[in-house]
Amino acid sequence: MITKTKDINSVIKILEKWSKKYEHPTLRSTHKEKNPFKTLIACLLSLRTQDANTKKTSEALFKVADTPKEILKLNQKKLEKLIFSSGYYKNKAKAIKHVSEVILNKYKGNVPSDIDELMSIKGIGRKTATITRVFGFGKADCIPTDVHVHVIANRLGWVRAKTPEKTEEQLMKIVPRDYWFELNTLFVLFGKHICLTRLPFCSKCVIRKYCKRINVKKSR
Ligand code: SF4
């Protein structure tokens, strides 16, 4: 499958403009703060919930504790209460405690920036690791690929891949490096509002003329 760089440039430029009216995902829109621990914890909180909940719970938690040491000082019940609205709060509280403990004890309180080191910590998968590296450390040498990035890249015909990991590998071969930082944010927003996983709004899609609509059987 051949995708011209010119088309990739056009899609990114259109989505950059389109995305201005939307609030960007929590701790992803900017890497100015460069606080990998907060990015990592916000990402763990964001699993299987809406961004509004992630924002609310991250803010509530970080007001009380935003370092591994401070998180470990919270008892389980208090932590669960703070992150309650993010859903799956019991499991998330356990994961946050475990991650904080490993970072404090094994890494002296500093989040490792290496993807493999991050993934060696129980509870951290590739998506969370790459989001932490790109948005927490500002090191855009990988492309965080969640379900939205995976689905949209395949529908556009940019990649042909069965898993997000394979999609990321193929994207890194064709997407100019300058876009690696923002691609996740743009596709996540676009996936939430237009190119929905189940039933995309192709009729109001601003990048339709660039899309091969691979495997799109039904749309609105
Ligand atoms: S045309 Fe449809 S499938 Fe293609 S990017 Fe737009 S919404 Fe998604």
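## Ligand surroundings

The ligand has 15 residues around it, and those that come nearest are C195, P200, C202, C205 and C211. Sorted by class, this shell holds 11 nonpolar residues, three charged residues and one polar residue. The model is a predicted one.

## Nonpolar cores

The largest nonpolar core has 26 residues. Within this core, the residues that touch the most other members are L40, I41, L44, I83, I96 and V99. At least two residues of the core come from each of four helices: α2 (36-46), α5 (76-82), α6 (89-106) and α8 (126-137). Helix α2 gives the largest share, seven residues. In soluble globular proteins, nonpolar side chains tend to be buried together.

When neighbours within four places in sequence are left aside, L40 is in contact with V99, V111, T128, T132 and G136. Another core lies apart from the largest one and has 20 residues, including L183, F187, L189 and I194.

## Residues with positive phi

Which loop holds R48? R48 is in the loop between α2 and α3 (51-64). Its phi is positive, about 55 degrees, although R48 is not a glycine. R48 counts as exposed because it has 10 C-beta neighbours inside 10 Å, and the limit for that class is 12 or fewer.

Y88 is another residue other than glycine with a positive phi, in this case near 45 degrees. Y88 lies in the loop between α5 and α6. Is Y88 buried, exposed or partly exposed? Y88 has 13 other C-beta atoms within 10 Å and is therefore partly exposed; a buried residue would need 20 or more.

## Packing of α9 and α11

Helix α9 (residues 147-156) and helix α11 (residues 180-193) have axes that come within 8 Å and cross at roughly 85 degrees. The two helices are therefore roughly perpendicular to each other, since that class covers angles of 65 to 115 degrees.

On the α9 side, the contact is made by H148, V149, V151 and I152. On the α11 side, L183, N184, F187, V188, F190 and G191 take part. By class, the residues of this contact are seven nonpolar and three polar, with no charged residue.

Key. Residues are numbered from 1 along each chain as its sequence is written. This is a predicted model: local features need pLDDT of at least 70, side-chain atom pairs count only at pLDDT 80 or more; totals for chains, interfaces and linings use all residues. A residue is near a molecule or strand if its C-beta atom, placed from the backbone, lies within 6 Å of it. Ala, Val, Leu, Ile, Met, Phe, Trp, Tyr, Cys and Pro count as nonpolar, Asp, Glu, Lys and Arg as charged, and the others, Gly among them, as polar. A nonpolar core is a set of buried Ala, Val, Leu, Ile, Met, Phe, Trp, Tyr and Cys residues joined through C-beta atoms within 7 Å. Two residues are in contact if their C-beta atoms, placed from the backbone, lie within 7 Å. Axes are lines fitted to C-alpha atoms, for helices over the stretch in contact, and angles run from 0 to 180 degrees between N-to-C directions. Angles under 35 degrees count as roughly parallel, over 145 as roughly antiparallel, 65 to 115 as roughly perpendicular and the rest as oblique.
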